[in-house]
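Here is a briefing on aromatic rings and their surroundings. Please look at the sequence and the model before reading the points below.

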Amino acid sequence: MLVPRRYFFVLIFALMSFCYQSYSQVKTISNQDSPNIYISCNFCSGDFLKKSLTFLNFVRDRKDADIFVQFYENTNGGGGTNHTIDFTGANKFAGLNDTLKYTTDPTMTEDESRDKMLSYLKMGLLRYILRTPLADKAEVEYNFKSDTSETKQDDWDSWVFRLSAQSYFNGQSTYNSLSAWGDISASRTTEDMITGIDLSNSYNQDAFNYDDLKITSISRSLSSSVWCIFSIDNHWSAGVWAHYSSSSYSNLKLSLSAQPGIEYNIFPYSDYTRRQLRINYKIGPGYKSYIDTTIYEKLKETLVAQSLSATFEYILPWGNFSCSVSGDSYLHDLRKNQFSVY
């Protein structure tokens, strides 16, 4: 039996009205003893936080919040992620601010990282909850177990290894394309030094078929980088970067370079999750041999190059801002240079 269209629309309207009233009722339910909270986090699940923090009133406008929570994250040299949580009090919590920091390992699953984030968020909120009537309902669990045995040694000595690969194939009767890429890297990060090595290789092939004519284009590239950076103090660091590459596409049979460099951060490195103003300078020789003669009639050459770059990053409650300026030139002829702004 077909339902008349007018009854169909009446039924839909009734269901929408019922859902709206139910939703409105749910939204008006609020614990008067609970503080209002506004969370700014690009990588957090709002539903997960609301289900995990049912003792709080989540608001959509920061101006209505008693507690403003902002998350920052930054990838560290070892492949993990450094997290910073800022707590800012307002209204009855005005002037009550705090900051917590923690790190997640690259081997952690998404669920493990999320649970650790929630744990630190609860710890930061505790000082606010203790100043409300909810303090009578709060319980604190201490799960730390002291270990009287010797500290366990890291069998990998802080080294982190990565292996990645990808390939792509596309074909039809007159054309096919194949590409493959692989990369392996190792890095070690401590408070005083960052060391790493990276090796990558790529292969690309394009084949065209037209009647009895077949044209195949193949390009290969291989590159490797090694770096060692030492921390001098909370503003200065210095290191050495070495690079090897070959590329048929770029007419490079062999390219070798080694550049010592120094970097100064206007802000302390301890604040790098929120703000950075880094000035980096490198200088060093580079040797190149070419597959075919270049436009300067060269098959090989050794040149000294320099580079200067400045990077500014600032994370604010209303958003993020970043920019970088870099310039490179050869010492023998400063007219051979490049300049970029991001």
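Tyr-128 is buried, at a relative accessible area of 0%; buried means under 20%, exposed over 50% and partly exposed in between, with a 1.4 Å probe and protein chains only. Phe-87 is also buried, at 1%. This is a predicted model, in which local features need pLDDT of at least 70 and side-chain atom pairs count only at pLDDT 80 or more, while totals for chains, interfaces and linings use all residues. Residues are numbered from 1 along each chain as its sequence is written, and side-chain values use heavy atoms, leaving out hydrogens and water.

**Ring pairs**

- Rings of Phe, Tyr and Trp (its six-membered ring) pair if their centres lie within 6.5 Å; planes under 30 degrees apart count as stacked, over 60 as edge-to-face and the rest as tilted.
- The count by this rule is ten aromatic pairs.
- Tyr-38 and Phe-68 are stacked, because their ring centres are 5.9 Å apart and their planes lie at 25°.
- Tyr-38 is partly exposed at 24% relative accessible area, whereas Phe-68 is buried at 6%.
- Phe-87 and Tyr-128 form a tilted pair, because their centres are 6.5 Å apart and their planes lie at 35°.

**Cluster**

- One aromatic cluster is made up of Phe-267, Phe-312, Tyr-314 and Phe-321.

**Charges over rings**

- A charge sits over a ring if NZ of Lys or CZ of Arg is within 6 Å of the ring centre and within 35 degrees of the ring normal.
- Arg-62 lies over the face of Phe-68, 3.8 Å from the ring centre.
- Arg-114 has its charged end over the ring of Phe-48, 3.9 Å from the centre.
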